Amino acid sequence: MKVLVAVKRVVDYNVKVRAKADGSDVDLNNVKMSINPFCEIAVEEAVRLKEAGTATEVVAVSVGGKSCQEQLRTAMALGADRGIQVETEGTVEPLVVAKLLKGVVDKESPDLVILGKQAIDGDNNQTGQMLGALANMPQGTFASEVKVEDGRAAVTREVDGGLQTVSLSLPAIVTTDLRLNEPRYASLPNIMKAKKKPLDVMTPADLDVEVTKHLTLVKVEPPPERSAGIKVDSVEALVEKLKNVAKVIG
Amino acid sequence: MSTLVVAEHDNSTLGPATLNTVTAAIALGGDVHVLVAGADCAAVASAAQGIQGVSKVLCADNAAYEYQLAENMGLLIAELGANYDNVLSPATTGGKNIMPRVAALLDVAQISDVIAVESGDTFKRPIYAGNVIATVQSADTKKVVTVRATAFDAAPAEGGSAELEAVASAHDAGLSSFVGQELVESDRPELTAAPVVISGGRGMQNGDNFKLLEGIADKLGAAIGASRAAVDAGFVPNDMQVGQTGKIVAPDLYIAVGISGAIQHLAGMKDSKVIVAINKDEDAPIFQVADYGLVADLFEALPALESQL
């Protein structure tokens, strides 16, 4: 069984991103970039499937500029066998990413495609589901458990009311939630080995996809500022404030 | 201009987030229709007919939609969506699961988690865990949008008189099936709609200690939430998580107990009207957004708070 894992290069989750002064975009100068945390969980899950003997090959794919090869190398250091970079410039919308991934799916014919449920930059939560629709594949989104057996995937999903389990025919899409696994750290020898693993570069034209733009970023702005309030020195004082000043409790 | 709102429901009750989504649809102008797709869901369709501002309710009552599997729902909504300028759903896990399939089938972008409708094609939405608000304009003729319920008032649930139309289309993609679910039963208000929320974090130390929040929640009519740290540590189940990737809440009163205040948590609660933080670490970032901060050991403060309410 072949597993395709999509990874995205994003601002590190510890960075507090700000809008540029002119409001044209966010300021990403000199900030630390990392593999999207949900994508890291996706890589880990694919590697575990391989270690369990369920998967035979794990292929990592990323859509972006040359710099995203760094995140592909990270994925390979975690255990992916090879990488594919789909070379694009600037921001690529989820629909286009999904079309590019559909192109890769057509070439690679994976049995399972694992993606993060969302990237922590755009917070869109779209790409996996869009790929599912374009490739006519079922999806198990927001997964907290994945079991592959008898030619189907049983995926337990984190939903608003609790947990839901669905059974999917293969090939299928899985998008990861936080509790699916805890990704390992890449060891130094594996980081060195990853540098020698194959990494192919493709263009959107190779995949017959036109990179279109449906959305325009009109402006970005900081959210309404919340100023720090006051410290109270006792539970009595807190209750008094909530009753008589904020008037939020009776 | 016409907008189709995809109702959130469990085949017997209309989900409250649907009402907020109708308000967003009304802001776009034109006719607002609501789709209720499920099995034996006539009661939900009937409830939807009462929402003020809705002129028609489409009811697709078919076994294929019983569990609202994304594969089947995507095909149905894309087919119906062809007749509308906009297709909206609440940005719940249900809407997030289904709507991108609809957008892809219609070959348009999706605009996720909108918090304001600026015009017929322009929306505001949070990005980067809510550290930045983006204004985005869509060039697509059709807009597929998920709506952050807490950012819009609920449309009145009663007083409307929408006509009812049955939809015969039965799309069964044959790709997926429902196996089971473990839904958390609670007598407390639903987290995203509760007027008061009290949440515990890593400082609670274990799941048993969440009982300390229950007495207070009962007195205040509050829902109980948690930080990611508390969920990851296994103290409480995932449906309680408030934050960037969990639930977004904006109650009148939010009480954060033993929560340090990572930006990912703040993303899920900083639009609350009044925020209270109880933490023994006076430098915890949660105090930077709290209206009232109490530096105290929660194991002393919580029983005292309960007794004084």
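I'll start with one residue pair: A:Val59 stands opposite A:Arg82, which sits in strand E5 of chain A. Keep in mind that this is a predicted model. Strand E4 of chain A, residues 57-64, is joined to strand E5 of chain A, residues 82-87, by six bridges, and the two run parallel.

Now the sheet around them. It is an open sheet of 10 strands with mixed pairing. On average, neighbouring strands here are turned by 25 degrees against each other, direction ignored.

Next, the chains, starting with A. Chain A has six helices and 13 strands. Its C-alpha trace spans about 65 × 45 × 40 Å along the principal axes. Of its 250 residues, 49% count as buried. Taking contacts in chain A with a separation of 6 or more, 69% are between residues 24 or more positions apart.

Chain B has eight helices and 16 strands. Its radius of gyration is 20 Å, close to the 19 Å that the globule rule gives for 309 residues, so chain B is as compact as a globular protein of that length. The C-alpha trace of chain B spans about 60 × 40 × 40 Å along its principal axes. Buried residues are 62% of the 309 in this chain. For contacts in chain B between residues at least 6 apart in sequence, 66% join residues at least 24 apart.

Last, the nonpolar core. In soluble globular proteins, nonpolar side chains tend to be buried together. The largest nonpolar core in this model holds 196 residues. Which of its members touch the most other members? They are A:Val5 and B:Ala48. Leaving out residues up to four places away in sequence, B:Ala48 touches B:Ala7, B:Leu14, B:Val34, B:Val36, B:Val54, B:Val57 and B:Ala162.

That is what I have for today.

Conventions: Residues numbered from 1 in each chain as written. Chains lettered and ligands numbered in written order. Predicted model: local features only at pLDDT ≥ 70, side-chain atom pairs only at ≥ 80, totals over all residues. Core = buried A, V, L, I, M, F, W, Y, C linked by C-beta atoms within 7 Å. Buried ≥ 20, exposed ≤ 12 C-beta atoms within 10 Å, placed from the backbone. Contact = placed C-beta atoms within 7 Å. Pairing = 2+ DSSP bridges. Helix = DSSP H or I, 4+ residues; strand = E, 2+ residues; numbered from the N terminus. Axes fitted to C-alpha atoms, helices over the stretch in contact; angles between N-to-C directions. Rg over C-alpha atoms; globule rule 2.2 N^0.38 Å.
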